[in-house]
Amino acid sequence: MDVPSLRQRWLGAKLAELRLHAGIPSLAIAAERCRRSTGSLSRIENGLVGIPPRDIPPILDAYQVTDPAVRQKLMVVAAEIQQERRGWWVEHSDALAPSYVDLIRLEATATEIRTYETFLIPGLLQTEAYARVFVAAMRGLSSETEVEEFVTVRMTRKAVLTGGRPVVLRALISEAALRHPIGGTEIFREQIKYLCECAGRPGVTVQVLPFTDRPHPGMSGAFTILKLPQLDVVHIEAMNTDIYLEDEHAVMQYLRAYDRLCDIAWSPEETVRYLAELADTL
């Protein structure tokens with residue numbers, strides 16, 4: 001079964017919100033004004049089906065939505081939803097949780113990714129060996145085939161950093177992740193060297209958040225902020241699912257928290273020196 005994407009569900013909920021704001025409580029009345037069937041409009045609002053960008057303006061006209069910014073935002077999101085069905089991840093979708101597929105879709109169209117990790121190297125900056133060591137434990141994978149497919153997907157995700165339109169990546173890593181040599185000395189040394197290499201790439205910034213006696217917002221756990229052309233999302237990875245926040249107020253709270261963490265973290269230059277020294281001592 002094709003599970004609706006996060007953006008598809010968001011678009012449906014937004015159209016339902018605009019309908020109610022227009023004072024149209026009945027789907028039947030709305031369908032008549034939009035010149036669509038009631039069933040079609042219901043499936044759209046429930047996020048069960050996508051809608052072509054060209055079909056957005058008639059609905060917004062029926063709901064008397066004239067704000068150009070709102071109209072443009074919904075058109076862009078509708079176009080992104082169509083693109084989601086043509087990505088490389090489609091061939092892996094049967095083996096991955098729908099919530100994880102959502103993350104891959106969002107990364108593919110993000111303009112900037114800000115990630116904070118507490119105990120692991122961020123997924124987009126992991127080596128294959130490092131990823132393989134812990135994916136079975138973290139994702140509850142039971143067979144070698146599942147592990148290999150998940151590792152393949154994780155490595156393919158990194159293409160967003162090197163493609164024709166590379167995403168800007170800002171990575172904050174707690175010092176705790178660097179004191180936990182996952183995979184043993186050799187694998188971890190190569191991972192730290194790779195992290196140094198990534199930190200030197202254009203568009204990639206790495207900072208280490210050192211141990212401190214001061215409380216800070218990162219103590220609540222890891223999170224990632226994905227800035228998209230028209231929709232910003234916070235991603236939180238749990239043991240067996242992925243959680244997403246799209247509410248603008250919630251996203252702003254995480255953006256402020258991220259900025260606060262950057263202020264107390266080592267600078268990118270200090271971080272690279274620290275990582276180089278750490279690799280030499282392993």
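How many helices and how many strands does the protein have? The protein has 12 helices and 6 strands. This is a predicted model, in which local features need pLDDT of at least 70, side-chain atom pairs count only at pLDDT 80 or more, and totals for chains, interfaces and linings use all residues. Residues are numbered from 1 along each chain as its sequence is written, and side-chain values use heavy atoms, with hydrogens and water left out.

Figure 1. Helices (H or I, at least four residues) and strands (E, at least two) are DSSP runs, numbered from the N terminus. The C-alpha atoms fill a box of roughly 70 × 40 × 35 Å, taken along the principal axes. Of the 282 residues, 48% count as buried. Buried means under 20% relative accessible area, exposed means over 50%, and partly exposed is in between (1.4 Å probe, protein chains only). A contact means heavy atoms within 4.5 Å. Take the contacts with a separation of 6 or more: residues 24 or more positions apart account for 72% of them.

**Figure 2. Helix H1 against helix H5.** Two packed helices are described by the angle between their axes and the distance between the axes. Axes are lines fitted to C-alpha atoms, for helices over the stretch in contact, and angles run from 0 to 180 degrees between N-to-C directions. The axes of H1 (residues 6–21) and H5 (residues 68–84) come within 9 Å and cross at roughly 150°. H1 is therefore roughly antiparallel to H5. Angles under 35 degrees count as roughly parallel, over 145 as roughly antiparallel, 65 to 115 as roughly perpendicular, and the rest as oblique. The crossing is left-handed. That term applies if the near helix is turned anticlockwise from the far one by less than a right angle; clockwise is right-handed. H1 brings Arg7, Gln8, Trp10, Leu11, Lys14, Leu15 and Leu18 to the contact, and H5 brings Val70, Lys73, Leu74, Val77, Ala78, Glu80, Ile81 and Glu84. By class, this contact has 9 nonpolar, 1 polar and 5 charged residues. Ala, Val, Leu, Ile, Met, Phe, Trp, Tyr, Cys and Pro count as nonpolar, Asp, Glu, Lys and Arg as charged, and the others, Gly among them, as polar.

**Figure 3. Helix H1 crossing helix H6.** The axes of H1 and H6 (residues 98–109) come within 9 Å and cross at roughly 85°. H1 is therefore roughly perpendicular to H6. Leu6, Arg7 and Arg9 of H1 meet Asp102, Arg105, Leu106 and Thr109 of H6. By class, the contact has 2 nonpolar, 1 polar and 4 charged residues.

**Figure 4. Helix H10 against helix H12.** The axes of H10 (residues 185–199) and H12 (residues 268–281) come within 9 Å, crossing at roughly 155°. The two helices are therefore roughly antiparallel to each other. H10 passes H12 in a left-handed crossing. Arg189, Ile192, Lys193, Leu195, Cys196 and Ala199 of H10 touch Val272, Leu275, Ala276, Leu278 and Ala279 of H12. By class, this contact has 9 nonpolar, no polar and 2 charged residues. Thr185 also lies in H10. At 43% relative accessibility, Thr185 counts as partly exposed. Thr185 and Leu282 are 97 residues apart along the chain, yet their C-alpha atoms are separated by 6.3 Å.

**Figure 5. The nonpolar cores.** In soluble globular proteins, nonpolar side chains tend to be buried together. A nonpolar core is a set of buried Ala, Val, Leu, Ile, Met, Phe, Trp, Tyr and Cys residues joined through side-chain atoms within 4.5 Å. The largest core has 72 residues, and Leu11, Tyr63, Leu125 and Leu178 have the most contacts inside it. The largest share of this core, 7 residues, comes from H10. A second, separate core has 13 residues, including Phe223, Ile225, Val251 and Cys262. Not counting residues up to four places away in sequence, Leu11 touches Ile51, Ile56, Leu74, Val77, Ala78 and Ile81.

Figure 6. Most residues other than glycine have a negative phi. Arg35 sits in the loop between helix H2 (27–34) and helix H3 (38–45). Arg35 is exposed, with a relative accessible area of 80%. Gln64 is in the loop between helix H4 (56–62) and H5. At 67% relative accessibility, Gln64 counts as exposed.
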